[in-house]
Amino acid sequence: MTWVLENLGLIGSLSLEHLRLSVLPIVVGFVLAIPLGWLAWRYKLTRGLILTVTGLLYTIPSLALFALLPPLIGTSFLSESNVTIALTIYAVAIMARAAADAFGSVDAGVRQSATAMGYSPWRRFWGVEFPLAGPVLLAGLRVVAVSTIALVTVGALLGIDSLGYLFTNGFQRRIVEEILAGVVMTMVVALVIDGLLVLLGRALMPWTRGHPTKVSRRSPVPNAVSTGISPDGGGS
Amino acid sequence: MNLFGEAFGWILDPANWQGSSSIGGAILLHLYYTFVSVLVASAIAIPVGYLIGHTGRGREVAVAISGAARALPSFGLILLLVLVLGVTRTAVGAFIAFVILGIPSILAGAYSGLQAIDRRTVDAARAVGMSEWQILTKVEIPLGLPLLVGGLRSAVLQIVATVALAGYVNLGGLGFFIVQGIPLRDYSQILGGAILIIVLAFLLDAVFGLLANAVRPKGLDTRKTRSRASRPAAAVDTPTT
């Protein structure tokens, strides 16, 4: 424990840095994925296109995507924006599929009732469909959040500091404890954010409070197999 | 865009296909690490997954494992195991990391494949007098194959991506070109390595896509399977639940 005790400040500041790098891709990914997911759910043509493209994007291994972006978007190879943009791409890829499933999980009868009561499509979306798709959207967002936080560490290979710095630095200095601290803290940050998302979901969707498992089990969300964290998933 | 030209030039340069760190050797090594790890992970995860799927017990444990695995940073896991086992056994440490990372998807594919089967089908098999072993081998395993292949596909892609990161511990493979190119600022090599990794991942993905179709039992209603396949299974009931 000596290494950890002597470097609490470093661990703390890297955790914050890690969080800062993770938040933007998670939020932007969620926002971009909502319209994409809706298009994928609504029209057959766009469904095939969106699901194919997101599936392929998600197949690209993270290290390769970090290296591929600079010449494509004109950034430097060591720029932080490569990591941010790559993680946003993964977030959109996972979330768009989850969103398509989420809108599909809304009962058609409820949708028709809303129309019959005079809801315009825009108001119906925000007043009825979006909230009812909420539990499945939340499940997708949790997957996005946790895998993004794990993936940020790969940026350390390109010199982008996060908790991943403890991996490369600990390896070079041969301090097992330092790497272990990085692994444990990455998982702690992921668990804390995941827990916050669950609490946020309970606050925003009080109707799911009584039987959360029931809701999540019924919801047709991509599972490990169909979207999982395949490509590079869990954190390569 | 010029960089892409140089990257393809690097890939096609015959000089890069010879010697100790040749492109061809790196591709083969990458595939070797991937397949051996997936085989070992399958040998562990498939029997356990079938046990969970057949008995219906232990699902929560499996869900918790896949949830926790998602939060596990694979790069850190490789470096940790390699350092703990010592530099002389780098390959062993890295292999253990690959296997650990491959297990959750295969486990999820195995048990969700069995759980997605209509209970009435299994009951019917029992009613016509099949033994539990016959039910497992003649009904559940064939019907669960498409989802198992999906799990294997996820595991393969996960491991291909992780083997790329192992370039950092001098394990060879395609990631080495990227890792080596960064300090040298050899952008054509970095990009060339990245392109090769992506092509390899796409090809493997396509192979498993075809395989998933090939193992789908005849007469299985694909639409129904699909909607069942998209149950949350492991993945989405993440950690805390």
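Which residues make a nonpolar surface patch of about 500 Å²? In this predicted model, the patch is formed by L180(A), V184(A), V188(A), V192(A), L196(A) and L199(A). One of these residues, L196(A), is placed in helix α9 of chain A, which covers residues 176–204.

The buried residues of α3(A) are I50(A), L51(A), T54(A), Y58(A) and T59(A). They lie on the same side of α3(A), because the arc they cover around the axis is only 160°. An α-helix has 3.6 residues a turn, so residues three or four places apart point the same way.

What do the buried residues of α3(A) pack against? Within chain A, the partners are α2 (8–42) and α5 (80–104). Chain B contributes α7 (132–165) and α9 (187–214).

L49(A), a residue of helix α3 of chain A, has a relative accessible area of 57%. Exposed means over 50%, so L49(A) counts as exposed. L49(A) can also be placed relative to L39(A): the two are ten residues apart in sequence, and their C-alpha atoms are 10.0 Å apart in space.

Methods
Residues numbered from 1 in each chain as written. Chains lettered and ligands numbered in written order. Predicted model: local features only at pLDDT ≥ 70, side-chain atom pairs only at ≥ 80, totals over all residues. Heavy atoms only, no water. Patch = residues over 30% accessible without salt bridge, like charges linked within 9 Å, V, L, I, M, F, W, Y side chains within 5 Å. Areas by Shrake-Rupley, 256 points an atom, 1.4 Å probe, with all protein chains shown as cover. Salt bridge = Lys/Arg side-chain N within 4 Å of Asp/Glu carboxyl O. Helix = DSSP H or I, 4+ residues; strand = E, 2+ residues; numbered from the N terminus. Buried < 20%, exposed > 50% of the residue type's maximum accessible area, 1.4 Å probe, protein only. Arc of directions from axis to C-beta. Contact = heavy atoms within 4.5 Å.
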